[in-house]
Each structure stands twice: as C-alpha cells, then as structure tokens.
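Here are my notes on this one, jotted down as numbered points. Have the model open while you read.

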Amino acid sequence: MRFLPKLERKFRRWKKLKKPPLLRKLDTLFKSAHKGHRPEDSAKRVQKGNGKDVKNELSYKSREQFMYNGSFHEAVGSVLLTAQCFAMMPVRGVTAKHPSSLRFSWRYVRTCCCLLFMASMLINLSLTIYKVLHGSITFNSIRPLIFKSCIFLVCGKALSLARQWPELMMKWYQIEKDLPQYQTQFEKRRMAQTIRMVMLVGMMLSFAEHLLSIVSAINYAEFCSRTDDPIRNFFELTNDEIFYALNYSAPLALWGKLQNVYSTFIWNYMDILVMIVSIGLASKFRQLNDNLLRFKGLHMAAAYWSERRIQYRNICTLCSTMDDAISFITIISFSNNLYFICVQLLRSLNTMPSVAHTVYFYFSLFFLIGRTLAVSLYAASVHDESRRPLRYLRCVPKESWCPEAMRFAEEITSDMVALSGMKFFNLTRKLVLSVAGTIVTYELVLIQFHEDQDLWTCDQSTYS
Amino acid sequence: MAKGTQNKNLDEGNFDFGIIKSETSTDYAQLDLFHRAASPIMLLAQCFAIMPLTGIRRASPRHVHFRFKSVPMIVTVIFMMASSVLTLSMLKFLLNIGVTAKNFVGQVFFTCVQCACILFIDLARRWPPLIRYWTRLELIFTKPPYEVLKRSLSQRVRQPAFILIALSLVEHGLYLSSAIVSYKQRVYYCTENHNATMGVSFDDYIKLNYDYVFILLPYTRFFGIYVLVVNGTCTFIWNYMDLFIMMISRGLAYRFEQISKRICRLEHEDRVPETTFMEIREHYVRMCELLERVDDALSSIILLSCANNLYFVCCQLLNIFNKLRWPINYIYFWYSMLYLVGRTACVFLTAATINDESKSALSVLRRVSSKNWCVEVERLIFQMSTQTVALSGKKFYFLTRRLLFGMAGTIVTYELVLLQFDEPNRRKGLLPLCA
C-alpha cells in the first residue's frame with residue numbers, strides 16, 4: 001500500500017513531463033487562476049501528509065506573499081522595523097501591506113522606549129560636557145561631544161519624523177499609484193532589493209567596525225592596566241566620561257555599553273535613512289523616465305505629454321515634501337561626516353600603538369569615507385534622474401511637438417529638483433567635488449597646527 | 001542586376017523598396033572618418049599594451065573586435081604582470097623606509113599607469129559597438145551639404161599625436177641623460193675627492209637608480225633591461241591617457257563645427273525652408289547623443305587623467321625652489337615641468353572646444369529673420385543654450401573653459417600652502433654626495 005502513492009506521484013510526474021512546455025505553462029496558469037483554492041488545499045494536504053511530501057509543505061505561503069507591488073512603503077518596511085529595535089522612528093504598522101495602517105501615538109510601548117533612550121542619551125551627553133569642560137578644548141578633544149550631540153539631535157528629529165510618517169507615506173502612495181506602473185516583477189522588485197542591500201551592507205560593515213573597536217579597546221586596556229580587573233579596565237576606557245564623574249559599578253558599565261551600541265547604530269542609521277529616501281525618490285523618477293524611453297521618438301498626442309508633465313510635477317512635490325521632512329537629518333549627517341573625516345585624517349598622522357589599533361583605525365576611516373561618498377552619490381542621483389526627461393523631449397518629432405511638451409521641457413530646465421540640507425546647499429554631483437576640495441583645504445591648514453603628541457599614553461584618557 | 005544587390009552594403013540600411021541600387025558599396029578608405037584618422041595611433045598604442053583590439057587596420061569599423069584570445073590582449077596581460085611587479089616592489093620599499101610626500105610620487109605614477117591600463121581594457125571592450133555607431137553617424141557628415149573644413153579630420157586628430165609623442169620622447173631622453181650624467185659625475189667626484197672605489201657600469205647604474213625593484217627580484221642584466229623597458233612603456237601610457245582624450249575631443253568638435261558652419265552659411269540665404277532646420281536639429285540631437293555615449297565610455301579615464309595631472313603639477317611646482325647639483329638637472333626639471341603644465345592645459349583646452357563649438361552657432365540662430373522663424377529654430381536655440389554639451393569626469397565636472405580657470409586657481413592655492421610646509425627642508429640645501 002505504501003508504494004502506491006509514490007507510484008502515483010511518479011506517474012503524474014511522467015505525464016506532466018511528457019507534455020510540451022507550452023501546455024505545461026498553460027496548466028500552471030490555469031491552476032493559479034484558481035488561486036483561492038490553493039491555500040486551503042495545501043493546508044488540508046499538510047494535515048493529512050504530516051510533512052511526508054516536502055514540496056507541499058512549502059506551499060503554506062501563497063504566491064502573493066512573494067510578489068512585490070513596487071511601492072516604497074513595502075520596500076522600507078523591514079528597514080524601519082530594524083531601526084525600531086534601536087529606538088528610532090517608533091511607528092506602528094510598517095510591515096503592513098497598505099500605508100493607511102501606519103499609526104503613531106505617544107502611548108505606544110515603542111514610543112516610550114524611544115523617549116527613555118533619549119533621556120539616557122541626555123544624561124550621557126551632560127556627563128560628556130562635564131568631562132570636556134574640565135580638560136583642554138581642542139579640535140580633537142571635542143570629538144565625543146560632537147558625536148553624542150549629533151546622535152541626540154538625530155534621535156529627536158527621528159521622533160518628530162515618526163509623527164509625520166503616516167501622512168508622508170499616504171502622500172507617497174497617492175502619487176505612486178498615479179505613475180505609469182511597471183509590468184514585470186523584475187522591475188517592481190528593483191527598488192526594494194536596492195534598499196535592502198544598502199541596509200544589509202551598511203549594518204554588516206558597521207558591525208564589523210564595532211567589533212574591531214572592541215578588539216582594539218581590549219588590546220589597549222590590557223596594555224594600560226590601571227586596576228586588576230580587566231573587565232573594569234575595558235569599561236573604564238570605553239566609557240570614560242561616565243566614570244570621570246561617578247564611581248565604577250557593574251550596572252553603570254552595562255548602561256554605558258548599551259549606550260555605545262545604540263549610538264553606533266544611530267550614527268550609521270542617519271546616513272542610511274538619507275540613502276533610502278534618495279533611492280526611493282530616484283526610483284520614482286526612473287519609473288517615469290522608463291516610460292518616456294519606451295515612447296521615445298514616436299508621435300504621441302498632447303494628452304500624453306500633459307499627463308506625464310503632471311506626474312513629473314507630482315514627483316517633484318513629493319521630493320520637496322520629503323526634503324522638508326529629512327532636511328535636518330541630512331545637514332547633521334553631512335556636517336558630522338565632514339568633521340569626522342577631517343579629525344580622523346589628522347589623527348592618522350600620529351603613531352599607532354599596536355597593530356590591532358592600526359587595522360581598526362584604517363578600516364574605520366575607509367568605512368567613513370566610503371559611507372560619505374555613498375550618501376552623496378545616492379542623494380545626487382535624485383537630481384540626475386530628474387533631468388533625464390530632457391533627453392527624451394529633444395527627440396520629439398516636429399509633427400507632435402505641442403505647447404504641453406514645450407512647457408514640460410521648460411519646467412525641467414528651470415527647476416532645481418534635489419534634496420538639500422535645510423536649503424543651504426543642494427545635493428548634486430558638483431557638491432561632492434566641492435566637499436572633497438574643502439576637506440583637502442582644511443586638512444592642509446590643520447596639519448600645520450598639528451603636533452605629534454603621543455595620544456596613546458595611559459594617563460590621558462582621550463582614547464575614545 | 002542580382003550582382004548589384006549582392007554588392008549592396010548592408011551597413012547603409014536605406015532600402016528603397018522596389019529600386020535596386022546600383023551604386024558601389026561604401027568605400028570607407030576614402031571617407032574622412034574618425035576611425036580611419038585615429039587607427040594608426042591606436043595601432044602604435046597596441047605595441048605599448050594599451051587598448052587590445054583586433055582589426056583596427058581595416059578601413060571599415062565592422063572588423064574591429066575585442067577578443068580575449070588575441071595577440072594584443074596577450075601583450076597587455078604580460079605588460080600588466082610585469083608592471084605590477086614594479087608597483088609591488090616599490091610599495092614594499094616605501095613601507096620599509098616610511099612614506100613621505102616626496103617619495104610617494106613614484107608609487108602614484110605606477111598605480112596610475114596600472115589603473116589606466118585596466119580602464120583602457122574596459123574601454124576596448126566597449127569600443128567596437130561605439131565606433132560602429134560613431135561611424136554610422138559620421139556618414140551623414142561626409143556628404144553634402146556638409147563640407148570638409150579647412151583642416152581635415154585626419155590632420156586635426158593626428159597633429160596632437162605627433163607633437164605629443166615627439167615632446168614626450170625628448171622628455172624621456174632628457175630624463176635618461178640627466179640620470180646618467182648625474183651618476184657619472186657622482187662617481188668621478190667621489191673617486192677623486194673621497195677615495196671611494198666605484199666604477200662606471202650599467203649594472204651599478206641600474207642598481208643605484210632602481211634599487212626598489214631588486215628587493216623582490218635578484219639582479220641580472222636581463223632584469224636591468226626589463227626595468228628600463230617597463231619604465232619606458234609606463235611613460236608612454238602616462239602620456240597616452242591625455243593624447244587619447246585630445247584625439248576624441250578633436251574628432252567630436254570637428255563634427256559640431258561642421259554643423260555650425262552649415263548654420264552660418266544659411267545666414268545669407270533669403271528663404272530657408274523649415275525642413276532644413278528640422279534636419280539640422282535632428283543631426284545636432286544625434287551628435288549630442290553620440291557625445292553622451294562617448295562620455296559614458298571615457299569618463300573614468302578623464303577622471304583619472306585629471307587627478308593624475310593635478311597631483312603631478314602640484315608636486316613638480318613644490319620643487320621649484322629646490323637647489324640642484326648640475327646644469328643638466330635644471331634643464332630636465334624645467335623642461336619636464338613646462339611639458340607637464342602645457343600638456344594639462346592642452347587637454348583641457350582641446351576638450352573645451354567641444355563645448356565652444358556646440359554653442360558657436362547661437363549668435364547666428366538668434367538673428368534668423370521673422371519670415372524664416374519656426375518652431376524648430378526655437379527648439380534648437382533652447383537646446384543649445386540650456387544643455388551643457390561637453391565631456392565630463394563621471395558627471396562630477398564638465399570639461400569647459402571655466403574648469404581650466406578654476407583648476408588653475410585651486411593649484412595656486414594649494415601651492416601657497418604647501419610651499420610653507422617645505423620651507424625648513426629647503427633651507428637644509430644639498431645633501432652630501434658621497435656616503
């Protein structure tokens with residue numbers, strides 16, 4: 001009796017493979033047209049089969065769950081969820097299918113966690129200010145102060161962004177559904193895959209950098225053993241601003257370590273948030289451009305150009321709305337990166353105490369420069385994509401040239417569509433070049449004031 | 001009749017339905033095309049392991065292919081392995097003695113040449129479809145109403161090549177003679193005054209000047225010659241980057257100039273039909289698209305070349321106030337510095353002519369009389385005035401005249417700051433000659 005099901009399966013398979021591929025495809029289409037029955041069938045089969053047939057077990061999930069609809073809300077869902085574990089952007093409903101299920105309230109647990117984290121950040125910040133004011137104030141010594149105050153500001157701004165997030169996502173959804181839709185899954189998946197890849201690579205590299213910093217700190221703590229307890233040495237080194245004012249105790253050390261981990265994540269997440277919003281906006285422009293490319297050089301009616309112009313205008317409005325929302329984070333991120341690159345380049349001139357420290361230092365420097373470059377280039381892609389329709393407009397033949405197309409062309413030429421840093425500067429490719437020039441100029445001047453002091457003596461606790 | 005259709009060149013693509021063309025196939029050898037103008041120089045470059053392509057000698061670009069299993073590719077791979085030995089040995093040497101701003105120049109030179117080689121291989125991979133597209137577009141410009149300009153395309157493209165190669169040969173010659181004369185004088189001086197026992201020999205010369213190579217390799221006469229050959233090839237590649245950009249800029253600017261001349265000739269005509277302007281605008285748009293495709297392929301090389309030139313000009317200018325020992329050193333230093341600055345300026349100016357030529361017809365277009373005015377003229381003026389038609393460095397900056405001015409200002413700023421750093425070193429003067 002046991003052989004019969006196997007034989008039956010083999011027979012069915014042989015029959016299936018006997019059919020030509022076209023007929024097989026038609027069969028699958030026919031089956032999927034009756035999608036409603038499939039989840040029930042598969043559930044019944046699992047109850048019966050008890051996992052004997054491995055293939056049927058996988059069909060617990062229906063096909064819809066693997067299909068993308070190409071929307072931004074769907075793409076950033078998992079990214080925002082990860083951020084919420086680190087007390088950033090407490091919005092409920094980020095992984096839901098539709099942006100109307102997004103909710104923010106001051107009474108949710110995640111919002112309270114976020115406020116708690118901000119309070120502890122504030123305490124840490126005040127301890128750092130206390131320590132810095134009691135030492136010499138140089139370009140180098142205010143490093144922890146700048147780091148912590150940037151993180152505090154970003155956390156606050158992220159909370160206010162979370163309040164606006166449901167409204168922003170609804171606006172995005174309204175504009176998105178009006179655009180010419182992609183037909184294939186391959187195109188719909190592209191934006192979501194890029195966003196997830198950026199998040200994954202960013203998190204992996206920052207995790208690696210954090211591990212290297214721990215290794216380097218352990219190495220250094222062993223070298224400068226001030227007390228007998230190595231764990232105590234390690235914590236006193238990495239959280240020196242806490243133990244400058246307060247006495248050592250285990251809960252304080254744990255709190256300090258948690259602060260460290262959360263701060264490192266948020267420091268990276270600043271840039272990743274800007275990157276993700278840029279990728280989303282550039283993808284919307286690209287959606288419009290891909291449609292314009294398909295009809296390039298053909299005779300199109302005036303209604304076509306009118307529709308495209310209105311869609312373009314909508315995306316520009318969306319861009320300006322998102323810009324208003326994240327502008328503060330952008331400017332903090334850029335100034336932060338600029339300061340840290342300058343400081344790290346300056347510190348690279350000093351002698352390194354150990355190999356572990358050299359490896360950590362250069363890895364963190366290249367990671368910083370790479371991340372800054374990535375943010376600038378992704379943000380500049382929004383501006384580049386917004387200028388592309390001009391290339392397709394110039395190919396419009398004379399017979400179908402209409403006032404609508406001319407209006408479209410003039411609009412694109414005269415408007416500046418780009419993310420900005422609180423409207424002080426626009427994020428375009430030219431900016432990358434001028435920032436690089438600024439960094440080199442500042443370095444050349446700062447090197448003059450640099451004395452090769454041994455930053456690595458044990459009594460000076462300027463390690464962090 | 002059948003023979004006529006067989007001889008029909010399929011590249012043309014204009015099928016007059018029902019009419020059998022009895023014209024002969026396009027004779028690419030007679031036409032003034034970029035492919036024909038640049039191919040002798042590209043062939044010469046292949047001897048120095050750049051841009052490995054097969055079939056460049058043939059007049060039609062249909063035969064140009066990039067193949068991995070071909071003689072130019074093998075030459076390139078051999079050269080890259082040979083020069084990477086030099087790069088690595090120099091890196092090891094620098095890590096041993098410590099990196100300073102002065103001794104880093106050699107490492108930058110070798111790294112730039114390696115990167116240039118890789119970028120040229122990538123360009124070679126994209127070259128066959130690009131040059132076919134380019135030639136197909138150029139065929140429009142070889143027929144009336146477009147005229148051949150005062151100096152033909154071949155002359156314009158080959159002229160910078162001859163001048164640059166000649167000047168760089170002189171520079172390399174001066175470098176060798178400066179090194180050899182310094183070596184010989186040092187030997188004579190030390191044996192006379194300090195009773196050192198040194199002989200003048202080829203082996204000693206190589207071991208002294210290229211000591212970083214012989215950390216990794218043992219010294220033999222073969223390796224000595226190998227070092228000299230690789231050095232010479234690297235110098236050629238270093239110059240070829242700029243030469244290639246100049247050749248392409250000349251090729252593209254020539255076509256834009258032809259369009260401008262055609263528009264200027266219309267100034268004196270009384271009645272210009274709208275179809276003329278339609279055709280001119282269509283050709284202009286197609287040239288802009290060609291420029292964008294060339295820019296996509298060439299951008300990385302332009303970026304590398306600009307960074308390279310900027311770095312070397314800054315470094316050379318730092319040494320202006322240094323004291324040198326013998327007159328030949330002074331001659332070599334000043335010649336090489338002027339050559340470097342001149343070459344950089346020439347690359348920028350030649351690339352900027354594309355931008356200038358694309359806009360030169362604007363003044364004529366604006367004076368079009370009311371009875372000839374039409375929508376196409378308006379569109380053409382709009383396009384010429386709003387779009388930046390120029391080569392770029394990965395779209396970070398566009399090669400126009402303004403850029404040259406900006407770069408000169410940047411270089412002067414950096415020099416003023418850097419010269420201050422070097423002040424204490426310079427005050428020490430010449431180091432003692434004999435160890």
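How many nonpolar, polar and charged residues does the lining of the second largest pocket have?

1. By class, that lining has 27 nonpolar, 15 polar and eight charged residues. Here Ala, Val, Leu, Ile, Met, Phe, Trp, Tyr, Cys and Pro count as nonpolar, Asp, Glu, Lys and Arg as charged, and the others, Gly among them, as polar.

2. Some housekeeping: this is a predicted model, where local features need pLDDT of at least 70 and side-chain atom pairs count only at pLDDT 80 or more, while totals for chains, interfaces and linings use all residues. Residues are numbered from 1 along each chain as its sequence is written, chains are lettered from A and ligands numbered from 1 in the order in which they are written, and side-chain values use heavy atoms, with hydrogens and water left out.

3. Back to the second largest pocket, which holds about 2600 Å³ of space. Of its 50 lining residues, Lys102(B), Tyr175(B), Asn319(B), Leu324(B) and Tyr332(B) are the closest to the centre. H5(B) gives the most to the lining, with seven residues. On a 1 Å grid over the protein atoms alone, a pocket is an open set of points with protein on both sides within 12 Å along at least five of seven lines; a cavity is a set where a 1.4 Å probe fits but cannot get out, and lining residues have an atom within 4 Å of a point.

4. Eight cavities of 30 Å³ or more turn up in a search of the whole structure. H11(B) supplies the largest share, four residues.

5. Chain B has twelve helices and zero strands (DSSP runs: H or I of at least four residues for helices, E of at least two for strands). Of its 435 residues, 48% count as buried, meaning under 20% relative accessible area, with exposed over 50% and partly exposed in between (1.4 Å probe, protein chains only).

6. H3(B) gives the most to the patch, with three residues. Leu216(B) sits in the loop between H6 and H7 of chain B, and counts as partly exposed because its relative accessibility is 44%.

Definitions and conventions
Grid points are joined across faces, edges and corners, and a volume is the space filled by probe spheres set on the points.
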